[in-house]
Amino acid sequence: MRFRKPTVEPLEINLTPMIDCLLFLIVFLLLATSFNHFSRINIILPEAEGVALAEQSSTIEVAVQEDGSYLVNGISLASNSEAELINMLQQEAGGNREMLFVIAADANATHQAVVRVMDVAGKLGFLNLNISTVVPLGQSLPSQ
């Protein structure tokens, strides 16, 4: 009597349902995620007491990051040179030198980087110069 050898069928795992589930999760996470554009700049402003400013329609804001790099109205400069900073400020301001010029420097930025921005603003003839700060916790701004 001859017995047949049992044949073992090859084991196959169907990955299609798992891939479908992963793609569904990825799409769900992409739709549920909100993107914050302001998280690109991580500046810790120094603390100071002061008077809140009235909003002006046109301002130029120069952000000085901790590593000494500059952003003019949210646009990053390719280098930290004074010439590039002057060119960008002239481009943003045009001929209007009465715009509010705000320096938002990180509390850990070097003094030299902040002074360079102030010097450039003076050379270009800006009249309204402000330095951004935050009010210390537990204190409120005095009213005007």
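Predicted model: local features only at pLDDT ≥ 70, side-chain atom pairs only at ≥ 80, totals over all residues.
Biologist: Why is Ser69 called buried?

Modeller: Ser69 has a relative accessibility of 13%. Buried means under 20%, so Ser69 counts as buried.

Biologist: What makes the link between the side chains of Ser69 and Gln65 a polar contact?

Modeller: The two side chains are joined at 2.7 Å, and the cut-off is within 3.5 Å. The side chains of Ser69 and Asp67 are likewise joined by a polar contact, here of 2.8 Å. Leaving aside neighbours within four places in sequence, Ser69 is also in contact with Ala63, Val64 and Asn80.

Biologist: How do you know that β4 and β5 pair?

Modeller: Pairing requires at least two bridges, and strand β4 (residues 100-105) and strand β5 (residues 128-131) have 4 bridges, in the parallel sense. Therefore the two count as paired. Leu100 stands opposite Asn128 in β5. Together with helix α3 (residues 111-124), β4 and β5 make a right-handed β-α-β unit.

Biologist: Which residues of the largest nonpolar core touch the most other members?

Modeller: Of its 22 residues, these are Ile60, Val62, Leu85, Leu89 and Phe101. Two or more residues each come from β1, β2, α2, β4 and α3, and α3 gives the most, with 6 residues.

Biologist: What does Val62 touch, not counting residues up to four places away in sequence?

Modeller: Val62 touches Tyr70, Leu71, Val72, Leu85, Leu89, Phe101, Val102, Ile103, Ala104 and Val117.

Technical notes: Residues numbered from 1 in each chain as written. Heavy atoms only, no water. Right-handed = clockwise from strand over helix to strand, strands pointing away. Core = buried A, V, L, I, M, F, W, Y, C linked by side-chain atoms within 4.5 Å. Buried < 20%, exposed > 50% of the residue type's maximum accessible area, 1.4 Å probe, protein only. Contact = heavy atoms within 4.5 Å. Polar contact = N/O pair within 3.5 Å; in protein donor to acceptor, adjacent residues only side chain to side chain.
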